[in-house]
Amino acid sequence: MNSLDVVGFEFLEDKTFFIPDYQRGYRWDEYQVTKLLDDLYQFEQNRTGEESYSLQPLVVYWDNGQYEVIDGQQRLTTIFLLAKFFGISDNLFTISYQTRTGSADYIKKITVTDTADRTNIDYWYMSNAYNAISGWINKSASKTERSDREDDVKRCLKKSVKFIWYEVTETTSKRIEIFNRLNIGKIKLTNAELIKALMLNESNFPKNQTDADKYPLQKKQMEHDRNQLAVEWDEIEKKLHDPELWGFLNSCENDTSNRIDTLFQFYVLSKGGELKQEFSVFEYIEPSVKLIKGSQETDKAPVLILWN
């Protein structure tokens with residue numbers, strides 16, 4: 001049964017969180033991080049009693065000793081970065097990633113640097129956010145001011161910040177549907193991220209007996225195909241951050257947080273589609289995924305036909 005609760009920072013301590021392959025990486029920028037710091041600081045300055053500073057829901061699923069994060073990765077990661085920077089816990093929760101395994105180690109060892117780490121897109125956003133925290137503290141004129149700001153934020157994190165904790169008991173395909181439903185209206189979510197969640201839906205890689213008859217794949221092969229698609233996706237995104245390749249593809253100098261979006265736009269336009277609405281690309285591709293899923297009889301997972 002799904003459960004809903006309101007929890008504080010201490011509840012998160014010692015827990016292990018897992019970011020599944022259907023989600024984007026961390027994408028908060030300097031403005032969002034410093035805006036949260038401003039809010040926490042002002043809240044603590046004005047607090048007169050036992051008021052709480054409520055963050056948006058953290059939607060999770062308990063699975064094999066860890067919590068799969070369905071929604072709330074951005075907020076959870078930022079809280080991790082703040083807690084690490086301010087040293088407010090000896091039992092800080094951990095975050096791991098299904099496909100971007102290096103990011104787990106990177107965020108645990110992150111330090112303040114002169115410039116953001118451009119090794120890959122995850123490291124860039126994480127290091128940029130961590131540097132933003134340092135910049136926010138150090139913009140204060142005096143040492144006393146800096147100490148006061150730091151103390152207020154630490155106190156707010158430990159005592160006042162609350163998460164709406166929503167634990168679900170859904171299957172993988174249902175969890176991906178929840179992810180889509182929660183995120184479809186958020187401005188920062190891109191067509192590519194919605195398409196990734198759609199294509200990695202477990203139902204596209206059938207493994208029950210009925211589907212195994214129709215698509216003769218063993219469970220191990222299906223899991224391999226699903227993971228391979230996720231890895232290839234991340235590799236394409238990484239390659240698109242090569243300046244020469246991106247300059248060739250994107251002559252208009254239009255940058256996006258997920259550059260694979262541009263490839264999907266090319267695909268839709270090459271098929272005669274139009275890009276009139278914010279989610280035109282996703283709306284164009286979604287029926288194709290469903291159609292090929294329902295009509296193909298093959299020894300490959302149906303979605304891989306569209307992907308390849």
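Reader: Which ring does the charged end of R149 sit over?
Author: In this predicted model, the charged end of R149 sits over the ring of Y41, at 5.2 Å from the centre of that ring.

Reader: And how far is R149 from the ring centre of W136?
Author: R149 lies over the face of W136 as well, and here the distance to the ring centre is 3.8 Å.

Reader: Okay, switching to rings with rings: how many aromatic pairs are there?
Author: Searching the whole structure turns up 15 aromatic pairs. One of them joins F43 and Y53, whose ring centres are 5.6 Å apart and whose planes stand at 75 degrees.

Reader: Why is the pair of F43 and Y53 called edge-to-face?
Author: The planes of the two rings are at 75 degrees, and because an angle over 60 counts as edge-to-face, the pair of F43 and Y53 is put in that class.

Reader: Where in the chain are F43 and Y53?
Author: F43 belongs to helix 2, which covers residues 30-46, while Y53 belongs to strand 3, which covers residues 53-63, and the two are ten residues apart.

Reader: Are they buried or exposed?
Author: F43 and Y53 are both buried.

Reader: Which residues form the aromatic cluster?
Author: One aromatic cluster is formed by F9, F11, F17, W62, Y67, F80, F93 and W165.

Reader: New topic, then: how many salt bridges does the structure hold?
Author: There are nine salt bridges in the structure. In general, side chains of opposite charge can pair when their charged atoms come close.

Reader: What does E44 form a salt bridge with?
Author: E44 pairs with R155 in a salt bridge, and their closest N and O atoms are 3.3 Å apart. Because E44 lies in helix 2 and R155 in helix 6 (residues 143-160), the bridge ties together parts that are 111 residues apart in sequence.

Reader: Is E44 buried or exposed?
Author: E44 is buried, since its relative accessible area is 7%, whereas R155, at 38% relative accessibility, counts as partly exposed.

Reader: Which residues are linked with E44 and R155 in a network of salt bridges?
Author: R47 and D152 join E44 and R155 in that network of salt bridges.

Reader: What about K35 and D39, how far apart in the helix are they?
Author: K35 and D39 are four residues apart in helix 2, about one turn of the helix, and their side chains meet in a salt bridge with an N to O distance of 3.2 Å. K35 counts as partly exposed at 36% relative accessibility, and D39 counts as partly exposed at 26%.

How values were computed: Residues numbered from 1 in each chain as written. Predicted model: local features only at pLDDT ≥ 70, side-chain atom pairs only at ≥ 80, totals over all residues. Heavy atoms only, no water. Phe/Tyr/Trp six-rings, centres within 6.5 Å; stacked < 30°, edge-to-face > 60°. Buried < 20%, exposed > 50% of the residue type's maximum accessible area, 1.4 Å probe, protein only. Lys NZ or Arg CZ within 6 Å of the ring centre and 35° of its normal. Salt bridge = Lys/Arg side-chain N within 4 Å of Asp/Glu carboxyl O.
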